[in-house]
Amino acid sequence: MAAAPQTVEELTRAAPRAPWLAAILNFIRRRPLGALGAALILVMVAAAIGAGALAPYDPLANDYAAMISPPNAAHWLGTDAYGRDVLSRILYGSRTALMVGLGASMIGATFGSLIGVASAYFGGRVDLTVQRIMDVFFAFPVIILALTVVAVLGTGAGNVILAIATPMVPRCARVVRSSALAVREMPYIDAARASGFANRRIILRHMLPNVMAPILIMATAFLGEAILLEASLSFIGLGVQEPTAAWGLMLRGAAVEFAETAPWMAIFPGLAISLAVFGFNLFGDSLRDALDPRLRTQ
Amino acid sequence: MKLLWSSLAILASAMLVIPAQAQQPRHGGELIFPVPSEPPSYDGHREETFGLIHPIAPFYNTLLRVDPFDRTGTKPAPSLAQSWTVSKDGKTYTFKLHKGVKFHDGSEMTSKDVKASYDKIIFPPPGVGSSRKGQYADVEKVEAPDAYTVVFHLKNPSGSFIASLLSPYNFIYKADILAKDPHWYEKNIMGTGPFIFVEHVKGSHVVGRRNPNYWDKGKPYLDGFRAIFMNSSAAEVAAIRGERAHIQFRGFSPKDRDNLVAALGNKITVDESPWDCILLGAINHEKKPFDDPRVRRALTLALDRYEGSKALSQIAIVKEVAGVQVPGTPFATPPDELAKLAGYWHDAEKSRAEARRLLKEAGVPEGFSFTFKNRGIPMPYEPLGVWMIDQWRRVGLNVKQEVIEAAAYFGVIRKGDFEVAMDFQCGYIVEPDLDMYKFLSSDRNPANYGRYKDPVLDELYDKQSRSTNVAERKKLVREFEKRVLDEQAHYFMTLQWHRIVPHSSKVHGWTITPSHYLNNTLDTVWLSE
Amino acid sequence: MGLYIVKRLLAMIPTLFGVAVLIFVLLRVVPGDVVEARYLTQGSQFQSQELMNQERAKLGLDQPIWKQFTTWMTGILHLDFGLSMWTGSPITEEIKLRFALSLQLAIMASLFAQCLAIPLGILAAVKQDTWVDYAVRIFSIAGLATPSFWLGILMILTMLIVFHWVPPMVFTPLWVDPWQNLQQLIWPALAVGYRYSAVGTRMMRSAMLEVLREDYIRTARAKGLWLKLILTRHALKNAILPVLTVMSLEFAFLLGGLVVTEQVFNLNGLGMLFVQTIAHRDYTMTQALVMLVATFFLFVNFFVDIAYAWIDPRIRYR
């Protein structure tokens, strides 16, 4: 243990009743980028939860008298082509982004992990077949697979979540499988099998918890990707539909057409998307650094 | 001597007068225009997309054409037929053809070619697709008694038969080729038109060059044309703005027009016209509560079309408030009379109050929710959808929008799997027979997605179709309109599309019409320096 | 070595077959077909069920599904990819130009990504946990986070407003007019390349960090010789290998995956074609496209695997 004076340690000594504060400060000091990412995520979550209270206007209310107005006192970020307040739509849009992002990421990570772990556990023929099937899905570029699923299911938020989750499953499965393969060689797994525990129990109780680290990293990375993918799909008209507030939707049509004379319509939603995905990526990056022992600084 | 001086004087004054006349067309130059859609095949009888007309129509002629200088796009003019007569009973139309018209392979076009082409359109052989067959149900047979005469025999007199011959899709093909292979024209191009086919590079462009032996002497003025396929309107606008293209024949959005004018000043000329395209609301009469005419009337009363027109015309390609006919055309209802129909009242508050009252009377609760199905095409479906949902909210209807991908859309709507849905109608010519056909009872017209039967409406349609007296026809059209939009509110119209064509000021000889399928033969177009 | 190559090649076959089955089934599940897309979408007042059925029979759509599949499969085995259902032209003809464009764009974007990722990754590793490291990581993650279509819009807008210049809108192949071609493709290549460099930068950084932990490097560093050693000895070689692997895999994804970028820059590539063919319900064309992209992807993977096996013989015997 280093003897060099640490501000955090001094703080901890000074405020023993606030260990959580010490932990946070420590985190900020050691991983500033991760802290920045976490801050951005928190802002987004706060916006999503508090949209109802924070938004000055109804995101769906058209106001033709105030069409395409620049940022002013009444509308801090301006209005769009139907007179809808951009700020309100961005706040409510974070709800859509989080819902789709979390939904797709969780579904993708859950199914992907289960498949990956089970495949690693059973090994042999099962493993080979599952790998082949995953390879088939892998061979489709992400957006093409998502587009096809949308074509089958239709547009709309719920279908978009499934469409985005679909390409995520094989990617998660592959990563989790390699971690799970290492876990499978652990002696206590053999012991569990010898004791006659059911396969399902071993997978869920013993293997899965040990691969949580890569799963968590994957899920965080997926969240960012999912938000981007949703924005792309909405942008080309195959994602969430009007009049719902969604960031990708806000970038369509009039935002591009009027970009020269009314840039606020395109800049703010694009900024929102970038900051949100940026936050998730930064945080995920730091998470990966933290959980991967080889990369710690000396 | 006096004679010499007076002749010189006359000559001098003539020379002063000539510059005051319109510019003389200049020969030469290649017209370049982007086309947003590529033709699936080259056969005009089979396809329905303007993506065929824009690049391919210059290679062909039709029997008759719409007068290329008529802004309403309704006046018939001679093309391959130089004149025509109608029999007293209105059942026989005789056309006299130009002599000496040559196909691009050098052979002469005669009446047998016209007959073969129209036989293919009206009585297609098995396995051959003809999209407009239904339009000619009244035709009994087509005859070619001599080399330069074609006769159409109708079963009943019709006020719109000539209009049906003006279709820009009715290319005249060579009879010998059709006899050998009726599918030949799907993959090949060979006509009598002002331009000769040079090449078509898939995904890229179509090129045509001037036909030196064109039958209309002196035309075409252009040396050739190049149609470039571009997928996004942003690219098309950029091409015109960067002066890499001269004109786009379909239409741009109001903002694109403003950007172009701001960037190019008087190097750009803007032509505008109401468009013969409109989005209308199909109401499924088989789903409650839409079987109740009061509910349907409430839907149309809720829409403040005048405010909508003012606002949406700034961001979308819609503008005019219209009934069943394009405003400004011969059979359109004048605005003050139109304002008497439900949904067209100038007093929006009164209209909304009436809508609420009708809904209450029909037993529809406040906050009643239904799903509006819209088609997945951004312009102008999206802005109209957003507008309509907002207008319905103001009368207490909570409407959700479900957007269905364009290719799957009509399959869903035809099945009747909707409550209220966006329908769409585009025509090549403004003609009541064509524009009102949609509203006929669904057992007569499968393209009527509203699923209703209205014999009164059918009768009104037939009466106006048979009538050859223009004044009487107008009256019947008004009655039809009142019944379909107001009394029964079977369908409701949104706003008429508005065609905006900003083009290089070098382009002359092209007149805008309500139809983006007309005036694409390019024989009258010329480029100044 | 030869046996390993054969084994890997054979392993591709069931995967390709799986892709074929999947896309075939998915397309048939999608509502609507090419006949409806052609005849019901133009707003025409007249529709004929009999015409539509006729067209369906011509395209073979009235046959039982399994028969349609076997017809298609036998065609592929004879290297006959069939005709597009929408235009009736041979599919190879339709795809040619678009494939050239997409391939060129993928190559250019990859090259730019690597030019960016490798030096930046090394820099970040060497200056770990300093503000240089943070700046590089922020820069590269910003690339990942920014939607490429938004970046594209901003790029075109900037060029328009500041330089009054728009890139050419018609594709000229590289061998016809290289200057015109590059003028059009450089911008999407930059936008896409920036995005994809992020993955490479991260990998390069972590690989480099591992190398920097080696004892001999640490000794050399202490002695002050580290820079030369790193850049000239096998250290860099070892670090670069996984990075190149990852970037080659990313390259494989670029071929069909640039749907939105192509739309923003109006590029007539495979991504745009895919959206169009799905909209037209052109089954044969969509199937061919997906098979093309999947095959390309699997082959790139294959070459990377072979390269690895050649370098590390242990892998061949697994």
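1. B:Pro289 sits in the loop that runs between strand 11 and helix 9 (293–301) of chain B, where helices (H or I, at least four residues) and strands (E, at least two) are DSSP runs numbered from the N terminus. The peptide bond that joins B:Lys288 to B:Pro289 is cis, with omega at about -5°. A cis bond also joins B:Met379 and B:Pro380, with omega at about -10°, and B:Pro380 belongs to the loop between strand 13 and helix 13 of chain B. As background, most residues other than glycine have a negative phi, and most peptide bonds are trans.

2. A word on the model: it is predicted, and local features need pLDDT of at least 70, side-chain atom pairs count only at pLDDT 80 or more, while totals for chains, interfaces and linings use all residues. Residues are numbered from 1 along each chain as its sequence is written, and chains are lettered from A and ligands numbered from 1 in the order in which they are written.

3. A:Ile68, in the loop between helix 3 (32–54) and helix 4 of chain A, has a positive phi of about 45° although it is not a glycine. A:Ile68 counts as partly exposed because 19 other C-beta atoms lie within 10 Å; a residue is buried at 20 or more such atoms within 10 Å, exposed at 12 or fewer, and partly exposed in between, with C-beta atoms placed from the backbone. C:Arg281, in the loop between helix 13 and helix 14 (283–311) of chain C, likewise has a positive phi, near 55°, but C:Arg281 is buried, with 26 other C-beta atoms within 10 Å.

4. Strand 15 (residues 420–426) of chain B is mostly covered, since 6 of its 7 residues are buried. Strand 15 of chain B pairs with strand 11 (residues 268–283) of chain B in the antiparallel sense over 7 bridges, pairing being taken as at least two bridges found by DSSP between two strands. Within that pairing, B:Cys277 has B:Cys426 as its bridge partner. Strand 13 (residues 368–375) of chain B runs parallel to strand 15 of chain B and is joined to it by 2 bridges, with B:Lys373 standing opposite B:Ala421.

5. In chain C, the axes of helix 5 and helix 6 (residues 131–145) come within 8 Å and cross at roughly 145°; axes are lines fitted to C-alpha atoms, for helices over the stretch in contact, and angles run from 0 to 180 degrees between N-to-C directions. From helix 5 of chain C, C:Leu120, C:Leu123 and C:Ala124 meet residues of helix 6 of chain C including C:Val132 and C:Val136, contact meaning that C-beta atoms, placed from the backbone, lie within 7 Å.

6. The interfaces of chain B can be read together. Here 22 residues of chain B are in contact with 20 residues of chain A, and helix 13 of chain B gives the most to the side of chain B that touches chain A, with 6 residues. The contact between chain C and chain B takes 37 residues from chain C and 42 residues from chain B. On the side of chain C that touches chain B, the elements giving two or more residues are helix 2 (34–39), helix 3 (49–59), helix 5 (91–126) and helix 13 (270–280) of chain C.

Terms used:
Two residues are in contact if their C-beta atoms, placed from the backbone, lie within 7 Å.
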